[in-house]
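Grab a pencil and work through these exercises with the model open beside you. Try each task before you read its solution.

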Amino acid sequence: MIHLINVKSLTAVLVILGVLFLYSFLSYRTSHQQNITAENRLSADVVAVGNEFHLVAPEHLQYEQPSIVQGRIDVVAVTPWLAPIVWEGTFNPVLLDSIYKPKNITIIATVFAVGKYIMFLKRFLETAEQHFFVGFKVHIYVFTDRPNEVPPVTMASGRRVNRTRKQPKRSNTLTEFATGLFPEANSDKKRLHFFLQLIVRLVPTAKRWQEISARRMELIQMVIEEQLPNNRNYIFCLDVDSQFHGRWGSESLGGLVAVTHPGYYRDPRSKFPYERRPSSRAYLAPGEGDFYYCGGAFGGLLQEVHHLAKTCRHNFEADAQEGIEAAWQEESHLNRYMWINKPSKVLSPEYLWQDFKPRNPEVHIVRFSGVVKNYADIRPNA
Ligand code: UD2
């Protein structure tokens, strides 16, 4: 009998313990779930931070479903160090713009128009206004020895050049003239914040084209040093004898961005015109080098491009003191730099084609290209 009572009470205790356990388990799960939901909501509401790797999309944006088994199969879209290679068809421009626009970034572009190269500036600016980071804040720095010849530019979207010149201001060794490209008074109000500003800087005339080309790294370094507190901004350094034909936008943003040269991207690396003399700091040995990158277009975050420009300038000047000039001046140093410091994004030759070259089938769109020019007519020492 006693035995029976013990069994009964033991069962009752076990049942009570079971109920208590179930109750506490369920209430823990509910409260934990509530916490998770709150955290999730919090992370969805968090304002995008200016971090290159923190990509926040708007919550209800609808776009084509991405696939990992379908897409471009005629080109390679990733490097061996897993950086994207940007081709038409590998990205969604609407999605990317909606990620990058809320970050409130400014895109800086530098362009050099020294001597007769000023003739290319008009076309460059007009087409930049039509295609380069439309909808973003863009500041274009023009370095020239002929500030009075900076052309009046007709803006495609109803903007016009405001020719009012601010008092020239000393900035290191350079003189700065500020020129704004302001929207017409009666233009669409929505465009007002899509502001494109032109800053003209005076640089000395050079006797050798190689010096102009090479000195760009020094001046890019200086411009970035003025801007560095705004380290969320991006910079692109572009050749002036070029024009835009199609969208160049947020898909090109990255820490360190290089463009594959249109003349060599199908060639084996043994044919790349790297600097081959071991005495130069731009030297690349046979078997080294990933791609041949253009000197005419590169960019990235300010800190990254600052490091690149400073290194290339230092190496160029150290070479010069020993009487060496790399085969393709700063382009050779840039290629050496990118071999060691791998770009985080590589742009396909869509981002720098050459107008004299027929388009290859894998190039579905030419976004930016070098115009045809006669070197003998335009260079100081052709
Ligand atoms: C290639 C590169 C260029 C540079 C050069 C080697 C491309 C498309 N171009 O072009 O970026 O690396 O090799 O030095 O990758 N400039 C003037 N005035 C002059 C000469 C040059 O302003 O008298 C500026 C101008 O911005 C021009 C740039 O320097 O776009 C490069 O010079 P280039 O176009 O004559 O060089 P190129 O065609 O050999």
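**Exercise 1.** At what angle do the axes of helix H5 and helix H6 cross, and how close do they come?

*Solution.* A word on the model: it is predicted, local features need pLDDT of at least 70, side-chain atom pairs count only at pLDDT 80 or more, and totals for chains, interfaces and linings use all residues. Residues are numbered from 1 along each chain as its sequence is written, and side-chain values use heavy atoms, with hydrogens and water left out.

Step 1: find H5 at residues 302-321 and H6 at residues 329-340. (Helices are DSSP runs of H or I, at least four residues, numbered from the N terminus.)

Step 2: look at the axes, which come within 9 Å and cross at roughly 120 degrees. (Axes are lines fitted to C-alpha atoms over the stretch in contact, and angles run from 0 to 180 degrees between N-to-C directions.)

Step 3: name the arrangement. That angle makes H5 oblique to H6. (Under 35 degrees counts as roughly parallel, over 145 as roughly antiparallel, 65 to 115 as roughly perpendicular, and the rest as oblique.)

**Exercise 2.** Which residues of H5 meet H6?

*Solution.* Step 1: on the H5 side, pick out Glu304, His307, Leu308, Thr311, Cys312, Asn315, Phe316 and Asp319. (Contact means heavy atoms within 4.5 Å.)

Step 2: across from them in H6 sit Gln329, His333, Leu334, Tyr337 and Met338.

**Exercise 3.** At what angle do H4 and H6 pack?

*Solution.* Step 1: the angle is about 35 degrees, and the axes are 7 Å apart.

Step 2: check who makes the contact. H4 brings Trp209, Gln210, Ser213, Ala214, Arg216 and Met217, while H6 brings Gln329, Glu330 and Leu334.

**Exercise 4.** How far apart are the axes of H4 and H5?

*Solution.* H4 covers residues 209-227, and its axis is 8 Å from that of H5, at an angle of about 145 degrees.

**Exercise 5.** Which residues come nearest to the ligand?

*Solution.* Step 1: of the 23 residues around the ligand, the nearest are Phe112, Tyr117, Asp241, Gln329 and Tyr375. (Around means a heavy atom within 4 Å.)

Step 2: zoom in on polar side-chain atoms. Tyr117 has one 2.5 Å from a ligand oxygen atom, Tyr375 has one at 2.7 Å, and Glu330 has one at 2.9 Å.

Conventions
Helices (H or I, at least four residues) and strands (E, at least two) are DSSP runs, numbered from the N terminus. A polar contact is a pair of N or O atoms within 3.5 Å; within protein, one must be able to donate a hydrogen and the other to accept it, and residues adjacent in sequence count only if both atoms are side-chain atoms.
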